[in-house]
Amino acid sequence: KGMDGKDLIHMLQGWGNLIIPSSARKEESKRKLKICDTCPARNGYMCGDCGCVLVAKASSDSNCPRNKW
């Protein structure tokens with residue numbers, strides 16, 4: 001599929017949340033990344049389905065393209 005405009009907005013939000021994280025956001029991001037660790041679409045530090053950097057995607061309000069979170 002690749003990244004679209006909405007994905008880009010979520011990626012920017014995610015990077016911002018990584019710079020100035022809340023404790024709740026950190027915990028939610030950890031939870032999401034644990035799910036990503038077992039996903040067959042994971043391609044290193046990227047999501048193979050949408051092309052997003054996982055650490056930023058997990059720190060945003062974005063949804064998983066496979067509806068895992």
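Predicted model: local features only at pLDDT ≥ 70, side-chain atom pairs only at ≥ 80, totals over all residues.

**Stop one: the surface.** Start by selecting W15, L18 and V55, which together make a nonpolar surface patch of about 230 Å². Is W15 buried or exposed, or something in between? W15 counts as partly exposed, because its relative accessibility is 39%.

**Stop two: another helix.** Next, pick residues 23–37, which form helix α2, and look for S29 there. S29 has a relative accessible area of 8%, so this residue is buried. Which residues does S29 touch, leaving aside those up to four places away in sequence? Show V55, A58 and S59 to see them. You've met V55 already: this residue is also part of the nonpolar patch with W15 and L18.

**Stop three: the cysteines.** How many disulfides does the structure hold? The number is zero. To see why, select C47 and C50: the sulfur of C47 has its closest cysteine sulfur in C50, 3.7 Å away, and that is too far for a bond, since a disulfide needs the two sulfur atoms within 2.5 Å. While you're there, note that C47 is buried, at 10% relative accessibility.

Finally, jump to C39 and C64. The closest cysteine sulfur to that of C39 is in C64, but at 6.0 Å it is too far for a bond. C39 is buried as well, with a relative accessible area of 14%.

Conventions:
Residues numbered from 1 in each chain as written. Heavy atoms only, no water. Patch = residues over 30% accessible without salt bridge, like charges linked within 9 Å, V, L, I, M, F, W, Y side chains within 5 Å. Areas by Shrake-Rupley, 256 points an atom, 1.4 Å probe, with all protein chains shown as cover. Salt bridge = Lys/Arg side-chain N within 4 Å of Asp/Glu carboxyl O. Buried < 20%, exposed > 50% of the residue type's maximum accessible area, 1.4 Å probe, protein only. Helix = DSSP H or I, 4+ residues; strand = E, 2+ residues; numbered from the N terminus. Contact = heavy atoms within 4.5 Å.
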